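Hello,

Here is the structure for you to look through. My notes on its salt bridges follow below.

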Amino acid sequence: MSVLPELRYPTVTEQVSAARALTAQRPGVCTLRQVGVSRAGRPLHLLSVGRSRRAVLVVAGAHANEPTGSCTLLAVARRVLEQRELRDGVSWHFLLCADPDGASLHVTPAPRSLFDYHLGFFRPAGPEQPEWAPSLLPPDRLPPETRALTGVIDELRPYLQVTLHGTDLGGSWVQLTRDVPGLAEPFAKSAAELHIPVETGASDAAGWPASGPGVHVMPAPGIGPAYPSLPDDARHSTWYHAHRYGGLTAVVEVPMWASDLVDDPAPHPAPAAAIGLLARRLQRDALEVTRVLDHALPRLADLDGPLLRAARWGLELVPGLASDLLHTPPADLTRAYVGSVDAFARRVPLRAAAMLLRVLRGTDDEAAKQLEGLVSTWSDAFAERFRARWVPLEHQVEHQSRTVVAAALHARERAW
């Protein structure tokens, strides 16, 4: 299904070391400073290139399980240093890792397969995610990582914030909080050159208008979400904090494994029926994980770590999400959208099982063995169904880097 990546994803420590090396090479252009600390006391670092007041902010590591951005951020920083025209009238700022605590728990730096990837999987519960916390918590309970990020936005007032995300299996797409005219063309050209499919019906952007294939623009405030039960709302996330200063946010997603099933714009012959089947599978799979969890609860009475909280969070989303899929008309009628929902419905119970597996190892070996079987079976079925092919890491990074630069150039041409 895949081959070992030629490169590997750097740790936060390695990111900081690389950033320090850049500042040592170009001390008149670069600075590196600490802008906050995590809940566990880990430092959050900001690398700045240039001193112009007009600013671009690039954020990596908002989701621990999406590691490509850690490479892309450094690649863009080097590109900005090498290409002086990118710094004309613009300063660039790079938040090296928005969630260093999460990064310390996701431990698959060079996955050989989806199963390998999930054996070290971690993604925090929603309220513990720096970008999403404002949509789920009152201001006085926001985690320090969120406060550091919004503090940087308040200081820099960027005309563009780019946050680097990724998907385990699928295609590439962009989410914009405001349209950036002209971005769709270079985005599509880059994806085609690097053989990365464009996810034209991304479930993350279900119901959003598109300014081009795979470039989705946040709908007007009065339009309801495609999945009403999900508690997080992008319009209350840190993505919108830049709007206070006339800016916008671009979220650039790139896959680790690609699937050509997610860029098929042809109409699906029976989308509602297909999604209904996916919803029922989601319920069944989640129930299998929940049964293991319930059986193991007596041995987890004294445990309340981030892995267990995240697994429970994911499982708690399933009843509402399944109901949304069963009772809400499809937001998109294409094969690409149904494929994206299929992937989404596989991820939720698979990720919960993977994180619970890590909790139960050494605590309940019988339950852990059962979960490992589920994680293995579901990972293999996911890869087989979507005909997964590894995207070389250098292609992931190059595509994401090109899209960041294109977004910065096209957004700069428009007065907000």
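**Salt bridges**

Arg-347 and Asp-168 form a salt bridge through their side chains, at 2.7 Å from N to O. A salt bridge here means a side-chain nitrogen of Lys or Arg within 4 Å of a carboxyl oxygen of Asp or Glu. Arg-347 sits in helix H9 (residues 335-360) and Asp-168 in strand S5 (residues 160-170), so the bridge ties together parts 179 residues apart in sequence. Helices (H or I, at least four residues) and strands (E, at least two) are DSSP runs, numbered from the N terminus. Both Arg-347 and Asp-168 are buried; buried means under 20% relative accessible area, exposed over 50%, and partly exposed in between (1.4 Å probe, protein chains only).

The model is predicted: local features need pLDDT of at least 70, side-chain atom pairs count only at pLDDT 80 or more, and totals for chains, interfaces and linings use all residues. Residues are numbered from 1 along each chain as its sequence is written, and side-chain values use heavy atoms, leaving out hydrogens and water.

The structure holds 18 salt bridges. Another one joins the side chains of Arg-123 and Glu-66 (3.0 Å, N to O). This pair links distant parts of the chain, 57 residues apart: Arg-123 is in the loop between helix H4 (114-119) and helix H5 (144-156), and Glu-66 in the loop between strand S3 (55-59) and helix H2 (68-82). Glu-66 counts as buried, because its relative accessibility is 7%.

Arg-346 and Asp-342 also meet in a salt bridge (2.8 Å, N to O). They are 4 residues apart in helix H9, so about one helical turn separates them.

Regards
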